Amino acid sequence: MTGRSPQILRSDALDNRERILDAARALFAAEGLDVPMREIARRAGVGPATLYRRFPTKQLLVTEVFTDEMRARATPSSTRGVPSRTRGAVSVS
């Protein structure tokens, strides 16, 4: 236990986080992991400060994108295709 309580995000902050993850998924799939963080922020429609507030390093962003993808792949097939805020539209194969 880290001693930190989980932070509950406001709905707008949660929306920004999801837009960042969606943009990162799409860009990583299309262009690879070398895509600049500023391009991810631009594609997500947020400022660089918002991106870095949620994901201070690119490694954290990449880890979150791939963790979400692994969770989605581990989901029982009966629930695949059901929309989820934690899953993106782009699959990394």
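What pattern does the protein chain follow when read along the sequence? The answer is α-α-α-α, in what is a predicted model.

## The chain overall

So what's in here? The protein chain has four helices and zero strands. Out of its 93 residues, 30% are buried. The accessible surface comes to about 6300 Å², with carbon and sulfur atoms holding 55% of that.

As for contacts, take those between residues at least 6 apart in sequence: 53% of them join residues at least 24 apart.

## Helix α1

Helix α1 covers residues 11-31, which is 21 residues. From first C-alpha to last, α1 reaches 30 Å, close to the 30 Å expected at 1.5 Å a residue. Just after α1 comes G32, with a positive phi of about 90°.

Quite a list of α1 residues is buried: A13, N16, R17, E18, I20, L21, A23, A24, R25, L27 and F28. Their packing partners are α2 (37-44), α3 (48-54) and α4 (58-74). A reminder for reading that list: an α-helix has 3.6 residues a turn, so residues three or four places apart point the same way.

## Where α1 meets α4

The α1 and α4 axes sit 10 Å apart, and the two helices pack at an angle of about 85°. Because of that angle, α1 counts as roughly perpendicular to α4. On the α1 side, the contact is made by R17, I20, L21, A24, R25 and F28. On the α4 side, K58, L61, V62, E64, V65 and D68 take part.

Methods: Residues are numbered from 1 along each chain as its sequence is written. This is a predicted model: local features need pLDDT of at least 70, side-chain atom pairs count only at pLDDT 80 or more; totals for chains, interfaces and linings use all residues. Side-chain values use heavy atoms; hydrogens and water are left out. The expected span of a helix is 1.5 Å times one less than its number of residues. Buried means under 20% relative accessible area, exposed over 50%, partly exposed in between (1.4 Å probe, protein chains only). Contact means heavy atoms within 4.5 Å. Accessible areas come from the Shrake-Rupley method with a 1.4 Å probe; for residues, only the protein chains shown count as cover. Axes are lines fitted to C-alpha atoms, for helices over the stretch in contact, and angles run from 0 to 180 degrees between N-to-C directions. Angles under 35 degrees count as roughly parallel, over 145 as roughly antiparallel, 65 to 115 as roughly perpendicular and the rest as oblique.
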